[in-house]
Amino acid sequence: MTDILMPKATAVWLVDNTSLSFDQIADFCGLHPLEVRGIADGDVARDIRGSDPIVNGQLTREELDKAQNDEAYRMKAVVSAHAELFKPAKKGPKYTPVSRRQDRPDAISWFVRNHPEVTDAQISKLLGTTKATIESVRNRTHWNSPNIKPVDPVTLGLTSQMQLDELVKKAAEKKAKDDAKKGGGVLAPAGEAEAPVEEEPEFTPEARERRGAEPTAASVFGSNED
């Protein structure tokens, strides 16, 4: 069974205009036979207008005639030459043109210098490079190290500004969370710094009482009466 456009509308048309069985219509439209029965009874797709699959180029007259003459026959939909274009493309590995590959070390160097919070895995995914290459640029063991200079990857055409901004933002947020965990707690909001402890004046009765009585000359050197 091939996926067709507007399956319920097509089923409505087939129910109203052909002698196909519910099973045949269900198989062609990708529906359950009971759902097709509901369409025939007026309980399902009541407000849907039928769509002719022959006019739409999804079914040939020959296929329809075969199915009407043989209840066991299952119709095959016409595969449109443009059908593949509407399927969502699967994301494959990032491809960098050969002319741009020599620029990747410069972009890596830019990340190392300006955004150390971005991980090697993130750089690798964005630029389509390997962690080994990133490490060699960072340690200056790359074969072309003398000629590598930090250049913005957007300027080099290796990524878009939107992708770069999103990556840097995610990396910064993750670093902030990690730093907060390492700090052992939540940072106090700005403007709520600890109030300084006021020192008690040295020469007050309370301070003297806590320190004890002040030493006198007599207590230190003895009395003259002795």
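Helices H1 and H3 are oblique to each other, a class that holds the angles left over when those under 35 degrees count as roughly parallel, over 145 as roughly antiparallel and 65 to 115 as roughly perpendicular. The model is predicted, so that local features need pLDDT of at least 70 and side-chain atom pairs count only at pLDDT 80 or more, while totals for chains, interfaces and linings use all residues. Residues are numbered from 1 along each chain as its sequence is written, and side-chain values use heavy atoms, without hydrogens and water.

Two packed helices are described by the angle between their axes and the distance between the axes. For H1 (residues 7–17) and H3 (residues 33–41), the angle is about 60 degrees and the axes are 10 Å apart. Helices here are DSSP runs (H or I, at least four residues), numbered from the N terminus. Axes are lines fitted to C-alpha atoms over the stretch in contact, with angles from 0 to 180 degrees between N-to-C directions.

On the H1 side, Lys8, Ala11, Val12 and Val15 meet Glu35, Val36, Ile39 and Ala40 of H3; contact means heavy atoms within 4.5 Å.

A further helix, H6, spans residues 104–114 and includes Ser109. Beyond its neighbours within four places in sequence, Ser109 is in contact with Val137, Ile148, Lys149 and Pro150.

Trp110 also counts as buried, at 14% relative accessibility, and Phe111 counts as buried at 0%.

Definitions and conventions:
Buried < 20%, exposed > 50% of the residue type's maximum accessible area, 1.4 Å probe, protein only. Helix = DSSP H or I, 4+ residues; strand = E, 2+ residues; numbered from the N terminus.
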